[in-house]
Amino acid sequence: ALSRTEGQPAKSDALLRRAKLCPTWYRLAITKIHRKAHGPMSVAPPVIIDTDPGIDDALALALAFRSPELNISMVSTVAGNVDIGPATLNAGLLLDLFEAPSPCLLAKGSAKPLRGSRSNAENFHAHDGLGGTRNQLIESGVTARRASAGAVKRMVQAAREFGDNLTIIALGPLTNIAHAVRLDPVAMAGI
């Protein structure tokens with residue numbers, strides 16, 4: 001633990017004591033104190049999160065955007081828990097809610113699976129995918145980040161540019177990744 005003799009104020013000590021009750025909050029507290037004392041941490045390799053934001057992915061995004069180890073360069077959406085429109089809207093709202101850095105791109109991906117019919121999890125995640133809370137987010141002033149099209153092409157472009165330094169965290173159906181492999185199997189194999 002950091003002490004006041006190392007230049008940290010008493011407030012940091014209190015934050016750490018409270019945060020030890022929950023490992024996630026403890027990690028966030030350590031990150032906040034480190035950034036205040038030493039400035040931003042070094043830039044990590046780029047990460048793409050491919051998601052179909054339902055309740056589970058919302059939690060994963062919250063943790064990811066607070067993790068100093070991750071340099072999230074793009075969030076791509078895919079139909080899964082909900083259709084592609086609501087999934088992309090949810091992702092845009094969550095990027096604003098979790099204060100994702102502005103260089104993080106939001107890109108709309110695949111609306112249907114490669115084969116067969118699409119099923120959803122609206123019976124679990126509710127009609128909006130966020131447990132019925134989307135309207136509350138909007139009413140509280142959260143605004144959705146704009147999405148660009150072409151998540152698959154952007155994913156392939158990142159694979160070509162960064163190779164094995166790129167990490168893709170797939171939280172939803174693997175449709176975007178399958179399309180990316182079909183588009184450029186060599187670049188995607190290099191991840």
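Q: What does contact mean here, and how far apart in sequence are the residues that contacts join?
A: Contact means heavy atoms within 4.5 Å. This is a predicted model. In the protein chain, take the contacts between residues at least 6 apart in sequence: 77% of them join residues at least 24 apart.

Q: How many helices and strands does the protein chain have?
A: The protein chain has 9 helices and 4 strands. Their order along the sequence is α-α-β-α-β-α-β-α-α-α-β-α-α.

Q: What share of the residues counts as buried?
A: Buried means under 20% relative accessible area. Of the 191 residues in the protein chain, 41% fall in that class.

Q: What is the accessible surface of the protein chain, and what share belongs to carbon and sulfur atoms?
A: The surface comes to about 10,800 Å². Carbon and sulfur atoms account for 56% of that.

Q: Where is space left around the atoms, and how much lies in the second largest pocket?
A: Rolling a probe the size of a water molecule over the atoms shows where empty space is left. Here, the second largest pocket holds about 160 Å³ of space.

Q: Which elements supply at least two residues each of the lining of that second largest pocket?
A: They are β1 (46-51), β2 (71-77) and α7 (151-162). The largest share, 5 residues, comes from α7. Lining residues include Pro-46, Ile-48, Ser-73, Met-74, Arg-154 and Phe-162.

Q: How do the lining residues of the second largest pocket divide into nonpolar, polar and charged?
A: There are 7 nonpolar, 2 polar and 2 charged residues in the lining.

Q: What is the phi of Glu-99?
A: First, the general idea. Most residues other than glycine have a negative phi. Now the case here. Phi of Glu-99 is near 55 degrees, a positive value in a residue other than glycine.

Q: Where does Glu-99 lie, and is it buried or exposed?
A: Glu-99 lies in the loop between α4 (84-97) and β3 (105-108). Its relative accessible area is 61%. Exposed means over 50%, so Glu-99 is exposed.

Technical notes. Residues are numbered from 1 along each chain as its sequence is written. This is a predicted model: local features need pLDDT of at least 70, side-chain atom pairs count only at pLDDT 80 or more; totals for chains, interfaces and linings use all residues. Side-chain values use heavy atoms; hydrogens and water are left out. Buried means under 20% relative accessible area, exposed over 50%, partly exposed in between (1.4 Å probe, protein chains only). Accessible areas come from the Shrake-Rupley method with a 1.4 Å probe; for residues, only the protein chains shown count as cover. On a 1 Å grid over the protein atoms alone, a cavity is a set of points where a 1.4 Å probe fits but cannot get out, and a pocket is an open set with protein on both sides within 12 Å along at least five of seven lines; lining residues have an atom within 4 Å of a point. Grid points are joined across faces, edges and corners, and a volume is the space filled by probe spheres set on the points. Ala, Val, Leu, Ile, Met, Phe, Trp, Tyr, Cys and Pro count as nonpolar, Asp, Glu, Lys and Arg as charged, and the others, Gly among them, as polar.
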